[in-house]
Amino acid sequence: MTETHPDTPPRMGRLATAAVFATTLEWFDFLIYATAAALVLGPQFFPSSNPVAGTLASFATFAVGFVARPLGGIIAGHAGDRYGRKPPLVAAMLVMGVATFAIGVLPNYAAIGVWAPILLVVARLVQGLGVGAQWGGAALLLTEHAPTERRGFYGSLVQTGAVLGAVAGNLFFLILTATLSDEQFTSWGWRVPFLSGVVLVLIGLYVQLKIEDTPVFKALQASSAAAKREAGLSKAPLLQAIRRYWKEILQATGAFFVVNATFYILISGVLDYATKTVGMTRTSILLCVMGAGLTQVITMPFFGALTDRLGSRKQLYLAGTVGMAIWAFPLFWLLDSGSVPLVFLALLVGFTIHATMYGPQASLYAEMFPADVRYSGASLGYQFASVFAGGLAPFIMTALLAATGASWSVSLYIIATAVVTFLAVATIRERFRRDLYETSADEDAAASAARRPESSPAR
């Protein structure tokens, strides 16, 4: 597909609003579990005489959701490349909303015994499927609609949804802890945020009825049957993505390591560390995390737009990777002070460095893959990293602190993930402002033309 298509679709503002709102609610539902795991789920579902063991168990269940994310990405990737970007996005919201509501009404261990943690794990697995399916659809909904020269900016708006969801979750818990007694919070108050999952179901229905699929996928649909076969659309896009673009998938996986690990350390691991090791109050650390994280609503679009002007996504991403490795030790030095201003500064710098990578990520990933396998390739890279770097990060942090008794071990863990990310991003072939309508067949044709020897001059 080599024809030129218009880059500026109508109603871009409405699309951006819908995508950000849907992503915010999706991540709110998924991430309130992180806050609840640090504050209350251990004694509710994993009673133990050892508080560390209870926290580890709740964080392990938190990680279970990430184990399911690649499966969600696989299913959604195949459906998104075959049937459109919108259907799996809508399905993801419906599944997430139902699973989150189910956690809110789930009886605890004292009520139903061992069935409580079993059902919690099942609900968390379903949440993982939902969030694993969601990111690719939301990211492509904006990047494939966006004007080429503003692709980095619009792609970054999807990323703000995760931050807004985390901040909203922390704010919800902050209000609950401030207005309820400890007994009220532990008995029923923690359930209130989960019950709001029903709102996501309504948003999913709105997107299904009011939002159109991307012009890139519409162009694929409009192709002739022969063109579809040539572009690979009649094949299994997931298998094609793995067979032909396994290197790009691995690069995308590695690129997300330090981004995902530090995000969950900053929004979840720090809550447990600050309250139990440093001795900060639950309210003060929630305020610090929420306030510092909220700045990413500004910094991520800024850095996404900056890549549009720099002419490179990689350069800023690599700079952020180095910056996060450098900040790994100062982060915990400031956290260990227990001073609210210093803790806020530590988190503010951490979230700002994080934004230099997470902001341009959606546009970087979209430009790594051709149109016919883009959903599959981008989703696989994103979601595989979430298992090894994201969901396990709070668990690894808690285990390292328990084993060493010192925060330097967590700093070294952050540096190790930064090394993986730096090596992965450095090897990515940047395709800045790539024609997103380009398919695998177009790449084959271009490669064939490049290999074809020029005709000999006439004698």
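Arginine 85 forms a salt bridge with glutamate 144, the closest N and O atoms lying 2.8 Å apart, where a salt bridge is a side-chain nitrogen of Lys or Arg within 4 Å of a carboxyl oxygen of Asp or Glu. The pair links distant parts of the chain, 59 residues apart, with arginine 85 in the loop between helix 3 (51-83) and helix 4 (86-104) and glutamate 144 in the loop between helix 6 (115-143) and helix 7 (151-179); helices are DSSP runs (H or I, at least four residues) numbered from the N terminus. The model is predicted, and local features need pLDDT of at least 70, side-chain atom pairs count only at pLDDT 80 or more, and totals for chains, interfaces and linings use all residues. Residues are numbered from 1 along each chain as its sequence is written, and side-chain values use heavy atoms, with hydrogens and water left out.

**Salt bridges**

- The structure holds 10 salt bridges, and one network of them links Asp81, Arg85, Glu144 and Arg374.
- Both arginine 85 and glutamate 144 are buried, a term for under 20% relative accessible area with a 1.4 Å probe and protein chains only.
- Arginine 313 forms a salt bridge with glutamate 367, with 2.9 Å between the closest N and O atoms. Because arginine 313 lies in the loop between helix 16 (296-310) and helix 17 (314-335), and glutamate 367 in the loop between helix 18 (340-366) and helix 19 (374-391), the pair ties together parts that are 54 residues apart in sequence; arginine 313 and glutamate 367 are both buried.
- Glutamate 438 forms a salt bridge with arginine 434, the closest N and O atoms being 3.0 Å apart. Glutamate 438 is buried, with a relative accessible area of 15%, and arginine 434 counts as buried at 4% relative accessibility.

**Cavities**

- A search of the whole structure finds two cavities of 30 Å³ or more, a cavity being a set of points, on a 1 Å grid over the protein atoms alone, where a 1.4 Å probe fits but cannot get out, and lining residues having an atom within 4 Å of a point. Grid points are joined across faces, edges and corners, and a volume is the space filled by probe spheres set on the points.
- The largest cavity has a volume of about 50 Å³, and its lining includes Trp27, Phe256, Asn260, His354 and Tyr382. Helix 14 (257-278) and helix 18 each supply at least two lining residues, helix 14 giving the most, with four.
- The lining of the largest cavity divides into eight nonpolar, two polar and no charged residues; Ala, Val, Leu, Ile, Met, Phe, Trp, Tyr, Cys and Pro count as nonpolar, Asp, Glu, Lys and Arg as charged, and the others, Gly among them, as polar.
- The second largest cavity has a volume of about 40 Å³, and among the residues that line it are Val163, Asn170, Phe263, Gly293 and Gln296. Helix 7, helix 14 and helix 15 (282-294) give two or more residues to this lining, the largest share, four residues, coming from helix 7.
- By class, the lining of the second largest cavity has seven nonpolar, three polar and no charged residues.

**Nonpolar cores**

- The largest nonpolar core has 123 residues, and those with the most contacts inside it are Ile285, Leu347 and Tyr365; such a core is a set of buried Ala, Val, Leu, Ile, Met, Phe, Trp, Tyr and Cys residues joined through side-chain atoms within 4.5 Å.
- The largest share of this core, 17 residues, comes from helix 1 (residues 12-39).

Notes:
Buried means under 20% relative accessible area, exposed over 50%, partly exposed in between (1.4 Å probe, protein chains only). On a 1 Å grid over the protein atoms alone, a cavity is a set of points where a 1.4 Å probe fits but cannot get out, and a pocket is an open set with protein on both sides within 12 Å along at least five of seven lines; lining residues have an atom within 4 Å of a point.
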